[in-house]
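Subject: Structure handover and findings

Dear colleague,

Please find below the structure that I am passing on to you. My notes on it follow directly after.

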Amino acid sequence: MENKTTNPLLCDPATGICETPGEKKNNGHAKTNEKPVKVIYFTDPICSSCWGIEPQLRKLKLEYGNSVEIEYRMGGLLPDWSYNSGGISKPSDVAQHWDEVSGYYDMPIDGDVWLKDPLDSSYPPSIAFKAAQLQDKSKALDFMRELREMVFLKKKNIAKWEHIAVAAEKVGLDTNKLKADFEGKAKDLFQEDLKLARELGVRGFPTMFFTNGNGNRETVYGSKPYAFYETAILKINSDTKKSEYSKNWESLFAKYPSLTAKEFSELSGTPRVESERLLNDLAAKGTLEKFTTKNGSIWTLKS
């Protein structure tokens, strides 16, 4: 495998990190908000390690959403292809890597987008997400999820406005306003995210800063098992209470209309093999719609 420092798209499955070249750590602090625990989550729409932690992140929201606020910040994983000095030198080099990390994270990722319609940069979908946040923060998260499903499973170049617009319309965003903000104030908000990332010493994605009102901070860097995120919450605020939630498939799909087998297993507590069998049975009955890539599937609740 090529040297990870030559290209941030070479996310290291062992560490669970998509790393930006040349960045160093520092001890910057983040602001806090009303809830006892705040998470500043630096991510990127095309970060395969960030896609890899969707199961853990979704579970964290279900169990600790009442006490934890998650603030999404864009990190700018792929500005363009001009910085390469060796290793990966063109988009097609990423294809095999994505196929490899798909198996490692047990999340469906089809690297062929880099062969068929490669992205020049991750900046356009990142700016589009900032534009979506200006409209509706909840819909912006649905929008990000839709963009990720597009690029990781459906081989769509989400740097192109035509695909960004489709994702926006699907989650109920005003595409005209999104376009205006995309070309205007969202660019400044994106630059603010990049500036904050530099100040906090973010070196790759995912990076999560868990903070409280006293300025204490725990950092979880890279894709980690669920216990790492839960431990960070309890270190920041030992009084944080875990919420119970319904783990049947109806309740989970009502909350998250699309789930991979890994996600369903994580959220329901069902063994991985059994989870896929159940999801396939529901698809066979016509309750769910199954979309399959060469590296796995995703199931969506039929409307």
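Helix α12 passes helix α13 in a right-handed crossing (a crossing is right-handed if the near helix is turned clockwise from the far one by less than a right angle, and left-handed if anticlockwise). Here α12 spans residues 261–268 and α13 residues 272–284; helices (H or I, at least four residues) and strands (E, at least two) are DSSP runs, numbered from the N terminus. The two axes come within 8 Å and cross at roughly 115°, where axes are lines fitted to C-alpha atoms, for helices over the stretch in contact, and angles run from 0 to 180 degrees between N-to-C directions. α12 and α13 are therefore roughly perpendicular to each other (65 to 115 degrees; under 35 counts as roughly parallel, over 145 as roughly antiparallel, and the rest as oblique). On the α12 side the contact (heavy atoms within 4.5 Å) is made by Ala261, Lys262, Phe264, Ser265 and Ser268, and on the α13 side by Arg272, Ser275, Glu276, Leu278 and Leu279. By class these are four nonpolar, three polar and three charged residues; Ala, Val, Leu, Ile, Met, Phe, Trp, Tyr, Cys and Pro count as nonpolar, Asp, Glu, Lys and Arg as charged, and the others, Gly among them, as polar.

Please note that this is a predicted model, in which local features need pLDDT of at least 70 and side-chain atom pairs count only at pLDDT 80 or more, while totals for chains, interfaces and linings use all residues. Residues are numbered from 1 along each chain as its sequence is written, and side-chain values use heavy atoms, with hydrogens and water left out.

**The three-stranded sheet**

Helix α12 also lies across β7 and β9, running at about 95° to β7. These strands belong to an open sheet of three strands in the order β7-β9-β8, with antiparallel pairing (two strands pair if DSSP finds at least two bridges between them). β7 (258–260) and β8 stand at the edges, each with a single partner strand, so one side of each has no neighbour in the sheet. From one strand to the next the twist averages 25°. β8 (residues 288–293) and β9 (residues 296–301) are joined by six bridges in the antiparallel sense, and they form a hairpin with two residues between them. One of the bridges pairs Thr293 with Gly296 in β9.

**The four-stranded sheet**

A second open sheet has four strands in the order β3-β2-β5-β6, with mixed pairing. Its edges are β3 (68–74) and β6 (217–221), each with a single partner strand, so one side of each is left without a neighbour in the sheet. Neighbouring strands are turned by 20° against each other on average, direction ignored. β5 (residues 207–211) pairs with β6 in the antiparallel sense over five bridges, and Met208 has Val220 in β6 as its bridge partner. Helix α10 packs on this sheet, touching β2 (37–43), β3, β5 and β6, and its direction makes about 170° with that of β6.

The structure holds 23 salt bridges.

**Further helix contacts**

Helix α10 (residues 226–236) also packs against helix α2 (residues 54–64), at an angle of about 40° and with the axes 9 Å apart. That angle makes α2 oblique to α10. Their crossing is right-handed. Gln56, Lys59, Leu60, Glu63 and Tyr64 of α2 meet Tyr226, Tyr229, Glu230 and Ile233 of α10. Five of the contact residues are nonpolar, one is polar and three are charged.

Helices α5 (residues 123–135) and α9 (residues 185–199) pack at about 110°, their axes 8 Å apart. They are therefore roughly perpendicular to each other. The residues in contact include Ile127 and Leu134 of α5 and Phe190 and Leu194 of α9. This contact has eight nonpolar, one polar and four charged residues.

**Backbone points**

The peptide bond from Phe205 to Pro206 is cis, with omega near -5°. Pro206 is found in the loop between β4 (204–205) and β5. Asp106, although not a glycine, has a positive phi of about 60°; this residue is in the loop between α3 (92–105) and α4 (113–116).

Yours sincerely

How values were computed
Salt bridge = Lys/Arg side-chain N within 4 Å of Asp/Glu carboxyl O.
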